[in-house]
Amino acid sequence: MSTLAHTMMTAARNSDSGLAGPGELDRYPYAEARVPDRVASPAWEGADPELGRVGRRAAGSRGRGLHGQLVQQLGQMIVSGDLGADRPLVPEEIGQRFEVSRTVVRESLRVLEAKGLVSARPNVGTRVRPVSDWNLLDPDIIEWRAFGPQRDDQRRELTELRWTIEPLAARLAAGHGREDVQQRLSDMVEIMGHALGQGDALTFSRADAEFHNLLIQIAGNRMLEHLSGIVSAALQVSGGPVTGCDRPHETSLAQHTRIVDALAAGDGAAAEAAMRQLLTVHPEIERVVPAPREH
């Protein structure tokens, strides 16, 4: 096993146990599906007070601090429909309900406003905006939708977008790949192979996420690169419909290898075909996209 493969597999196991080495988690972000907490009541009043203690909420907001946790909490409530469109959000109420300072509330609402979830206007206050105004490509909103009532639509839409973005990126990357990046892609496939052999789904998913991000980055199209967050978000959510990248198996690994070989040969058509095959490995996906054409 290469040094890189050993390092990454160790980092994945350490992160799973909470013992990550210095810088390892930053270097190898992995696709862990976080199941967010839900607040059942659409109103602040009458809900379990423990749910309002932002500092005590662990799942989904781990390590984000009060500000990040409040963004997570309010974002989930808006996306799930617990806080409907045009609902007024009074900072004083939020501060009391979640036991946080006005500064934390104000900063959190600014983040939600940047995501298109709320709007703040003089003499009107802060209100929830309709879905048509949301930034649906925002990774947080993608995650919140993927674990809320719109989960099926979100996962289908993500799959359709990936089927548009990634085959094109693979074709373009065949003409722009550098040797160092080609080696990096090969390293990721090697790591995935070792992880598959050991039944290490965590390391497999981390290497898979880096593989797909690298591929988009070397396509030579900055607009595609800007959309790489969609792919990252798609790899972070689980459930169907799913693609060949959702779990380790031999067919998925073989398609990743085909992509690397096609890139090394400068064969854009073969790289595109291999990516389409990868995204249709799982039978559910055939209901979403047509079967790939062989070149």
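Where does Ala-174 lie? In this predicted model, in which local features need pLDDT of at least 70, side-chain atom pairs count only at pLDDT 80 or more, and totals for chains, interfaces and linings use all residues, Ala-174 is found in the loop between helix H8 (151-173) and helix H9 (179-198). Residues are numbered from 1 along each chain as its sequence is written, and side-chain values use heavy atoms, with hydrogens and water left out. Helices here are DSSP runs of H or I with at least four residues, numbered from the N terminus.

Ala-174 counts as buried because its relative accessibility is 12%, where buried means under 20% relative accessible area with a 1.4 Å probe and protein chains only. Leaving aside neighbours within four places in sequence, Ala-174 is in contact (heavy atoms within 4.5 Å) with Leu-263, Gly-266, Asp-267 and Gly-268, and its C-alpha atom is separated by 7.3 Å from that of Ala-264, 90 residues apart along the chain.

Elsewhere, helix H4 (residues 65-80) packs with helix H6 (residues 102-114) at an angle of about 50 degrees, their axes being 9 Å apart. Residues including Leu-70 and Leu-74 in H4 meet residues including Val-105 and Leu-109 in H6.

As for confidence, the mean pLDDT of the protein, a score from 0 to 100 for each residue, is 75. Helix H2 (residues 24-27) has the lowest confidence, at a mean of 34, and H6 the highest, at 95.

Definitions and conventions:
Helices (H or I, at least four residues) and strands (E, at least two) are DSSP runs, numbered from the N terminus. Buried means under 20% relative accessible area, exposed over 50%, partly exposed in between (1.4 Å probe, protein chains only). Axes are lines fitted to C-alpha atoms, for helices over the stretch in contact, and angles run from 0 to 180 degrees between N-to-C directions. pLDDT is the predictor's confidence in each residue, from 0 to 100.
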